[in-house]
Amino acid sequence: MENFVIILFKNKKKKKIIKGYVTIKNAKLRYNKLVKENNIPFNVVYENGSECKYEIALLSKHKTEETSLFKSDEFGRNKRVFVEDNEEYQIIKINDYRVEELIYDCQLNKRINFNIFLETYFKNKEMKVISTLHNKIVLQIDSKFFLFTLKNSTDSNRFISVVEEYFINMSRNDCIFVRDIDTIQRKWLYNCLEEYGFNKTQLYRQVTTYPRQT
């Protein structure tokens, strides 16, 4: 019988049971390993057009006199931990958890993660320019253009910041980072990408995920 269980929660609701354990020792070893190795550079923040937050928790089936758990929010305030769908179990530990986000590579026609993006397009040290264009990332290497699509403009800005941080940490200076803040720049990019052969409808679409109808 599984007395302890590790569960992934999304917005305080059970998303996935990761694994169950008979002993607390094995459960804690696995839980601590998952938390320690959760080094995701670019994580999911939006799903179905809405913001979301993931947490991982270790729960016990043995009901004891519960000591309330508290976590600090983004403003440093202590708030009592609460998750839904845990009537049978008691929370022992809970941590924020980063679920890996993928971006759509328009060249490969498939979704890729941050590490594949770097390995595919940033191996060489030739000068390159990476720009945001609404929910798009545009990479220019010499006269070649590469296009990537994300869920919305917030995600594209987050992504370029993660790439920039990587370059800083690696002491690399072979890339120029340009945010989507100038109308003239946007028009120039649109013209270049259309001439390069990218679909106009795809270029002008500003989001790729919409809120579900309730």
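Accessible areas here come from the Shrake-Rupley method with a 1.4 Å probe, and for residues only the protein chains shown count as cover. This is a predicted model, in which local features need pLDDT of at least 70 and side-chain atom pairs count only at pLDDT 80 or more, while totals for chains, interfaces and linings use all residues. Residues are numbered from 1 along each chain as its sequence is written, and side-chain values use heavy atoms, with hydrogens and water left out.

**Figure 1. The whole chain, before we zoom in.** The protein chain exposes about 13000 Å², and carbon and sulfur atoms supply 49% of that area. It has 5 helices and 14 strands; helices (H or I, at least four residues) and strands (E, at least two) are DSSP runs, numbered from the N terminus. Of its 214 residues, 42% count as buried. Buried means under 20% relative accessible area, exposed means over 50%, and partly exposed is in between (1.4 Å probe, protein chains only). Among the contacts with a separation of 6 or more, 63% are between residues 24 or more positions apart, a contact being heavy atoms within 4.5 Å.

**Figure 2. An open sheet of 6 strands.** The strand order is S10-S9-S13-S12-S11-S14, with mixed pairing; two strands pair if DSSP finds at least two bridges between them. Strand S10 (110-112) and strand S14 (175-178) stand at the edges with a single partner strand each, so one side of each has no neighbour in the sheet. On average, neighbouring strands of this sheet are turned by 30° against each other, direction ignored. For such angles, axes are lines fitted to C-alpha atoms (for helices, over the stretch in contact), and angles run from 0 to 180 degrees between N-to-C directions.

**Figure 3. Strand S11 and its two partners, S12 and S14.** Strands of a sheet pair through backbone hydrogen bonds, either parallel or antiparallel, and this view lets you look at both. Strand S11 (residues 128-133) runs antiparallel to strand S12 (residues 136-141), and 6 bridges join them. Here threonine 132 stands opposite isoleucine 137 in S12. S11 and S14 run parallel, joined by 4 bridges, and valine 129 stands opposite isoleucine 176 in S14.

**Figure 4. The buried face of helix H2.** In helix H2 (residues 114-121), the buried residues are Phe114, Phe117, Leu118 and Tyr121. Seen down the axis of H2, they fall within an arc of 95°, so they line one face of the helix; the arc is that of the directions from the helix axis to the C-beta atoms. Their cover includes strand S9 (103-105), S10, S11, S12, strand S13 (144-149) and helix H3 (153-169). At the start of H2, look for asparagine 113, whose side-chain oxygen reaches to within 3.2 Å of the backbone nitrogen of asparagine 115.

**Figure 5. Lysine 12 and glutamate 55 in polar contact.** Lysine 12 sits in the loop between strand S1 (4-10) and strand S2 (13-21), and is partly exposed, with a relative accessible area of 31%. Glutamate 55 belongs to strand S5 (residues 54-60) and is buried, with a relative accessible area of 2%. Their side chains make a polar contact of 3.1 Å. A polar contact is a pair of N or O atoms within 3.5 Å; within protein, one must be able to donate a hydrogen and the other to accept it, and residues adjacent in sequence count only if both atoms are side-chain atoms. Also in view is tyrosine 54, 42 residues from lysine 12 along the chain, with 7.9 Å between the C-alpha atoms of the two.

Figure 6. Leaving aside neighbours within four places in sequence, glutamine 140 is in contact with Lys128, Val129, Phe145 and Trp188. Aspartate 142 lies in the loop between S12 and S13 and is exposed, with a relative accessible area of 61%. Although aspartate 142 is not a glycine, its phi is positive, at about 60°.

**Figure 7. Serine 171, with a positive phi.** Serine 171 is in the loop between H3 and S14. Its phi is near 55°, a positive value in a residue other than glycine. At 66% relative accessibility, serine 171 counts as exposed.
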